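Colleague: I would like to go through the labels on this model. Take me from each value to its term.

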Amino acid sequence: MEYHHEFYSTYPRECAISYPIQHPLYRKRYMENINISLYQDWINILRNRLSDFGYSISDHSDENISRIYLNLEKRLIPQKARRILKHDNFYCPDEMTSGLKGVEEAITSGQNLLPYLSKRIKKPNYNDALLNHWGIHHLHLGKTIGRDGFVEHGNPLLFCRFDDENAYFINVLTHGAWAEQDMIRVLHKNWPDSIKQFRINGLIRLTQPITDSDVNTFRQKKINTFVEVEDGAIYGAIGGGFASSGISIDVVRQADQYEAWLNQNQAHIINNIENIRNEARKKNIELPSTPHFELKIENNTEYAVESVSKICIKLH
């Protein structure tokens, strides 16, 4: 049985040929003839990105680096133009309308929304409980961006949820509204399709009602809760939930999955290095006696690139 792996003649040119991957039962180990550590390369890439963002991360372990980076990605709002959706009862105080207009223009035009986020985005280990629990962002409605790159912070705030196409404006609420379950009720009443994958099917009602105060208490104890918006409509953690440490469960899962994926690709390359060498020779390219492959990421696509010959393998 054969598998095939895309093979690039030189980085980052288009795919030229493929090489056969041996079935695991027939693989031979060539680790002594190849220098490769894709996971460590990934960690080094993330360290550089985090440093560029302004984080001081020299004392953090490799495992923490991947989680810090993915947590930052979760907290940031991907930059792209979105449609704004408001419900009939959306309300913004008059004194905040100017700031709200600035946010709306930034959203619809696809500007970077970092200036409107909490300054705690600059803290590597901060876990946003509202975001991790319910997938809801809070944006500040200041009018002017200061020297620190953020608008002035104040009260109240815009609470909203984002997906790839839309920004769902829940409401402008006070700074302490983090546990108000009415936010989920607004999403359920006005845009139920946007959160239908988080609805718990088969439950009629909770045996004991959960108050907003309960939600706040449980969050402090790092306990995820359901939200019952009405009889027969109960939602789980729309934001994916948090672990006992407070970190996003999605972040932990993604970090583990990406490490496993890189290790799987690395094993394919190690076990098929002779096939790669033979295919390279067909292109009149000779790999070094001890090839050195490094992870490169271009346009969100990962490659293993041999440092001397520039042989490039797209990872799958």
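This is a predicted model: local features need pLDDT of at least 70, side-chain atom pairs count only at pLDDT 80 or more; totals for chains, interfaces and linings use all residues.

Modeller: Residues are numbered from 1 along each chain as its sequence is written, and side-chain values use heavy atoms, with hydrogens and water left out.

Colleague: What makes the pair of Phe53 and Tyr55 edge-to-face?

Modeller: Rings of Phe, Tyr and Trp (its six-membered ring) pair if their centres lie within 6.5 Å; planes under 30 degrees apart are stacked, over 60 edge-to-face, the rest tilted. Phe53 and Tyr55 sit 5.3 Å centre to centre, with 85 degrees between the planes. That makes the pair edge-to-face.

Colleague: Why is the pair of Phe159 and Trp178 called tilted?

Modeller: The ring centres of Phe159 and Trp178 are 5.7 Å apart and the planes meet at 55 degrees, so the pair is tilted.

Colleague: Is Phe159 buried or exposed?

Modeller: Buried means under 20% relative accessible area, exposed over 50%, partly exposed in between (1.4 Å probe, protein chains only). Phe159 has 0%, so Phe159 is buried. Trp178 has 25%, so Trp178 is partly exposed.

Colleague: How do you know that Lys122 sits over the ring of Phe53?

Modeller: The test is NZ of Lys or CZ of Arg within 6 Å of the ring centre and within 35 degrees of the ring normal. The charged end of Lys122 is 4.1 Å from the ring centre of Phe53 and sits over that ring.
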